[in-house]
Amino acid sequence: MSSTPSPTATDEISWVLTPLLELPGVLHAVIATGDGLVEGASDGLGRASAERVAAMTATVHAAARAFTSAFTDTAQPRLAQTVVESDLGYAVVVPAGENTSLAVFTSPEAQLGNVAYQMQVQVAALGRALASPARQPDGTPRS
C-alpha cells in the first residue's frame, strides 16, 4: 500500500471534475495551480501523470499567453482556452480563477463545443465556491 495517495475526483475541489468526466469522450481532468501543482485530478490518472499534466498545463498556458503577446504586442492577454489537437485526442486548458487552470483530455470523437461549455460552467461554479466566505461555528460572531 502506498503512503502517498493518488489524487482522486474526491479531493477537496475535485468535485468540479465530476460533470466533465461524465461527458462522452472526456478521459481525464486536472485542476492545476499556475506554478504547476496538482489541486485535483480524475481517478483514472495516476499521481505521476497528474503531476506531469499539472506542470505541462502551466507551461502550455504560459506559452499560449506569450504566443498571443508576440502576435498582438499586448503585454498580458487574457486567454479563454488553449487547445492542443493530436491523433490521440484533444487537450483543453482554461483559466479557472486566480493562479488556477482546468485541463481535460478527450478522445478524438469528443464534442469540443460541449466540453468547452461544461468547462466554463464548472469554472464559474468553482469561482463561486472559492469566493464564498467560510462558515462560522454556531455562536461565533460573524463579521
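This is a predicted model: local features need pLDDT of at least 70, side-chain atom pairs count only at pLDDT 80 or more; totals for chains, interfaces and linings use all residues.
View 1. Helix α2 covers residues 47-72, 26 residues in all. From its first C-alpha to its last it reaches 37 Å, close to the 38 Å expected at 1.5 Å a residue. Just after α2 comes D73, which takes a positive phi of about 55°.

**View 2. The buried residues of α2.** Look here for A50, A54, T57, A58, H61, A64 and S69, the buried residues of α2. Their cover includes strands β1, β2 (38-41), β3 (82-86), β4 and β5.

**View 3. An aromatic pair on α2.** The structure holds one aromatic pair. The ring centres of F67 and F71 are 5.1 Å apart and their planes are at 80°, so the pair is edge-to-face. Because F67 and F71 are four residues apart in helix α2, about one helical turn separates them. Both F67 and F71 are exposed.

**View 4. The largest nonpolar core.** This core has 18 residues, and L102, V104 and M119 touch the most other members. Two or more residues come from each of α1 (17-21), β1 (26-33), β4 (89-95), β5 (100-106) and α3 (112-131). Helix α3 gives the most, with four residues.

**View 5. Around L102, and a second core.** Leaving aside residues up to four places away in sequence, L102 touches V16, L17, L20, V30, I31, V92, V93, V94, A96, M119 and V123. A second, separate core has six residues, among them V30, A32, A41 and A54.

Terms used. Residues are numbered from 1 along each chain as its sequence is written. Side-chain values use heavy atoms; hydrogens and water are left out. A nonpolar core is a set of buried Ala, Val, Leu, Ile, Met, Phe, Trp, Tyr and Cys residues joined through side-chain atoms within 4.5 Å. Buried means under 20% relative accessible area, exposed over 50%, partly exposed in between (1.4 Å probe, protein chains only). Contact means heavy atoms within 4.5 Å. The expected span of a helix is 1.5 Å times one less than its number of residues. Rings of Phe, Tyr and Trp (its six-membered ring) pair if their centres lie within 6.5 Å; planes under 30 degrees apart count as stacked, over 60 as edge-to-face and the rest as tilted.
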